[in-house]
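Biologist: Please walk me through this one. Keep it brisk.

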Amino acid sequence: MATMSVSEARAELPAVLDRVAAGEEITITRHGAPVAVVVHPDVLRRRGRADLAFAMAEKIRVEMEEARRRPLSLSDPAALDPEYAEELVADIRRGRDSRP
């Protein structure tokens with residue numbers, strides 16, 4: 001990531017925008033301290049999607065932890081048949097193991 005002062009950024013704004021459009025991130029400093037980062041809007045959208053994915057993953061983690069604490073009841077309509085559960089686990093392992 002490139003760094004430049006406010007004065008440099010002001011003087012070179014068209015070039016800064018060209019660099020950002022090409023995918024570079026540029027940190028703008030004032031008196032040596034970072035005050036802003038100029039990034040392409042697509043970067044922010046990707047980061048927003050990543051934040052959403054992490055939030056969903058955390059929700060799933062919490063739900064799984066809660067499920068681990070509940071006793072398994074085969075009379076529960078939501079309970080999986082043990083054979084089907086083993087098939088699902090085997091399928092997931094096959095998919096995982098087939099990745100490079």
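Modeller: Terms first: helices (H or I, at least four residues) and strands (E, at least two) are DSSP runs, numbered from the N terminus. Thr29, for one, lies in strand β2. This is a predicted model, where local features need pLDDT of at least 70 and side-chain atom pairs count only at pLDDT 80 or more, while totals for chains, interfaces and linings use all residues. Residues are numbered from 1 along each chain as its sequence is written, and side-chain values use heavy atoms, with hydrogens and water left out.

Biologist: Is Thr29 buried or exposed?

Modeller: Thr29 is buried, at a relative accessible area of 12%. Buried means under 20%, exposed over 50%, partly exposed in between (1.4 Å probe, protein chains only).

Biologist: What does Thr29 touch?

Modeller: Leaving aside residues up to four places away in sequence, Thr29 touches Thr3, Met4, Ser5, Val6, Pro34 and Val35. Contact means heavy atoms within 4.5 Å.

Biologist: Zoom out. How many helices and strands does the protein chain have?

Modeller: The protein chain has four helices and three strands. From the N terminus on, the order is β-α-α-β-β-α-α. The radius of gyration is 25 Å, well over the 13 Å that the globule rule gives for 100 residues, so the protein chain is more spread out than a compact globule. That radius is taken over C-alpha atoms, and the rule is 2.2 Å times the number of residues to the power 0.38.

Biologist: What does the C-alpha trace span along its principal axes?

Modeller: About 70 × 30 × 20 Å. Of the 100 residues, 12% count as buried. Among contacts with a separation of 6 or more, 22% come from residues 24 or more positions apart.

Biologist: Which residues make up the largest nonpolar core?

Modeller: There are seven: Ala2, Met4, Ala9, Val16, Val20, Ile26 and Ile28. A nonpolar core here is a set of buried Ala, Val, Leu, Ile, Met, Phe, Trp, Tyr and Cys residues joined through side-chain atoms within 4.5 Å.

Biologist: And what does Ile28 touch?

Modeller: Not counting residues up to four places away in sequence, Ile28 touches Met4, Ser5, Val6, Ala9, Ala33, Pro34, Val35, Ala36 and Val38.

Biologist: Next, Glu25. Where does Glu25 lie?

Modeller: Glu25 is in the loop between α2 and β2.

Biologist: Why does Glu25 count as buried?

Modeller: Because its relative accessibility is 18%, and the cut-off for buried is under 20%. Beyond residues up to four places away in sequence, Glu25 touches Met1, Ala2, Val37, Val38, Val39, Val43 and Arg47. Glu25 and Val39 are 14 residues apart along the chain, yet their C-alpha atoms are separated by 5.0 Å.

Biologist: New topic. What about the phi of His31?

Modeller: His31 has a positive phi of about 55 degrees, although it is not a glycine. Most residues other than glycine have a negative phi. His31 is found in the loop between β2 (26-30) and β3 (33-38). It is exposed, with a relative accessible area of 80%.

Biologist: Last one. Which helix does Ala57 lie in?

Modeller: Helix α3, residues 41-69. Ala57 counts as partly exposed, at 42% relative accessibility.
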